[in-house]
Structures are given as C-alpha cells and as structure tokens.
Amino acid sequence: MIRVLLADDQALVRAGFRMILRAEPDIEVVGEAGHGLEAVELARALEPDVVLMDLRMPELDGIEATRRIIDGTDRPRVLVLTTFDLDEYVYEALRAGASGFLLKDAPEDQLVAGIKVVADGGSLFAPAVTRRLIERFAGGAPAKPLPVLSDLTARELEVLRLVARGLSNAEIANELVVSEHTAKTHVAHIFQKLDARDRVQVVVLAYESGLVRAGG
C-alpha cells in the first residue's frame with residue numbers, strides 16, 4: 001500500500017485528488033495539509049511514502065517544505081504539482097530534492113502512475129523536459145565548483161555527462177561499449193559519491209558545477 005500525503009492550500013484541489021486516489025486499491029491518502037508548515041509536520045508524524053506537494057502555498061512554500069521533508073530521517077518521496085511545465089519554481093524543487101513534477105491539470109491516470117513511479121524509487125521527468133528546464137535555469141549561471149566531483153573517476157565523470165544528456169543505462173552502455181550492468185554500476189557509484197537520490201539531482205549538479213553546459 002502506497003501512503004500519500006496531500007499538500008495544497010486549496011481544499012477543492014485536495015478533495016479532487018482524494019477522490020481520484022480513493023479509487024486506487026493500492027493507494028491510501030493518510031493526511032492532508034493546507035500549507036507548507038503543516039505538510040512538514042504531517043510528513044514527520046504520518047511517515048507517508050509520497051507527498052503530493054503544491055509549490056505555491058502560504059506559511060511555507062512547497063520548495064522549502066520539500067527541502068525540510070527531504071532532510072528528515074525517514075524521507076518520503078516528493079512529487080510536486082505546478083501550473084507551468086517550465087518555471088523557476090520547478091527547478092528549485094528539483095534542487096530541493098523532489099522526485100518528480102506533474103502539471104495540476106494532468107489526466108487522472110498520469111497522477112496515479114506518477115505516484116507509483118516515485119514511490120517505487122523512480123523519477124517522474126521526461127529527460128527532454130528535464131534537460132530543457134535545467135539548461136534554462138542552471139545552464140546559464142556561473143559555474144559553482146563542487147569539490148565532491150573530485151571523488152569521481154574519469155570514467156564516472158564521462159558517465160555523469162551522459163546521464164546529464166538524458167541517456168538511460170542501456171544507452172550509456174551502448175555509447176561506452178560496455179555491458180548494461182557495468183553502466184548501471186557506474187551510475188550507482190555516482191549516486192553514492194554525490195549523495196544523490198535520483199538522476200535528476202545528479203543532472204542538476206552536473207549543470208551547476210559547469211561539468212555540462214547548456215547546449216553541450
């Protein structure tokens with residue numbers, strides 16, 4: 001059973017999501033929050049698997065709420081909701097540790113599928129959209145040297161660049177002429193060394209450090 005916490009300042013929106021999710025036998029809505037502070041408190045108290053997080057809320061916005069929730073010990077996955085598919089709020093949510101984003105008017109099946117994907121440890125971002133988003137908001141910014149990148153081997157840096165291009169493990173294996181298992185191992189080592197939860201956080205780091213540049 002996937003335990004979900006709804007965080008949105010509009011009661012009607014929460015009610016709509018609750019009705020959709022109530023029909024799913026393997027999803028349970030365990031709580032609802034009307035603002036960011038309440039979302040943080042309920043995430044700690046209820047220990048949901050997924051927090052469905054609106055980005056623009058009173059008291060504490062969804063970005064800071066996401067950051068605080070991800071900093072906890074039993075960290076749930078956060079799936080953010082936005083009215084725009086390309087804005088600075090979504091980018092900041094990625095930096096804060098969100099595992100995916102959905103448009104608020106997404107079809108019901110996309111909402112359900114998205115919750116299941118992030119609950120299973122995946123990321124809900126189409127590579128093309130993710131790269132476009134990060135290029136726009138991080139690619140043009142001055143590079144910030146990240147000492148942690150020095151822990152990566154030359155091969156791991158090469159793999160990191162391919163991950164930032166949106167390649168899957170299978171595509172990375174094909175590009176480097178290695179087995180998919182080897183590619184997967186390299187990606188896992190990168191996650192571990194960068195203390196990243198998923199590919200999106202790795203891509204953000206790659207752009208912000210200057211290892212990958214917009215259009216590169």
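## Backbone, cores and pocket

Val-177 sits in the loop that runs between α8 (169-176) and α9 (180-194); helices (H or I, at least four residues) and strands (E, at least two) are DSSP runs, numbered from the N terminus. The model is a predicted one, in which local features need pLDDT of at least 70 and side-chain atom pairs count only at pLDDT 80 or more, while totals for chains, interfaces and linings use all residues. Residues are numbered from 1 along each chain as its sequence is written, and side-chain values use heavy atoms, with hydrogens and water left out.

Most residues other than glycine have a negative phi. Val-177 is not a glycine, yet its phi is positive. Glu-47, in the loop between α2 and β3, also has a positive phi without being a glycine. Buried means under 20% relative accessible area, exposed over 50%, and partly exposed in between (1.4 Å probe, protein chains only).

| Residue | Phi | Relative accessible area |
|---|---|---|
| Glu-47 | about 50° | 45%, partly exposed |
| Val-177 | about 55° | 73%, exposed |

A nonpolar core is a set of buried Ala, Val, Leu, Ile, Met, Phe, Trp, Tyr and Cys residues joined through side-chain atoms within 4.5 Å. The largest such core has 26 residues, and those with the most contacts inside it are Ala-7, Val-51, Met-53, Leu-55, Ile-69, Val-78 and Val-80. At least two residues of this core come from each of β1 (2-7), α2 (36-46), β3 (50-54), α3 (62-70), β4 (77-82), α4 (88-96) and α10 (199-208). The element that gives the most is α4, with five residues. Apart from this core lies another, of 23 residues, including Phe-191, Ala-196, Val-203 and Ala-206.

Leaving aside residues up to four places away in sequence, Ile-69 touches Ala-39, Val-40, Ala-43, Val-51, Met-53, Arg-75, Pro-76 and Val-78 (contact means heavy atoms within 4.5 Å).

The largest pocket holds about 310 Å³ of space. On a 1 Å grid over the protein atoms alone, a pocket is an open set of points where a 1.4 Å probe fits, with protein on both sides within 12 Å along at least five of seven lines; lining residues have an atom within 4 Å of a point. Its lining has 16 residues, of which Arg-95, Ala-96, Gly-97, Asp-195 and Gln-201 are the closest to the centre. Two or more lining residues come from each of α3, α4 and α10, and α10 gives the largest share, four residues.

Definitions and conventions:
Points joined across faces, edges and corners; volume = space filled by probe spheres on them.
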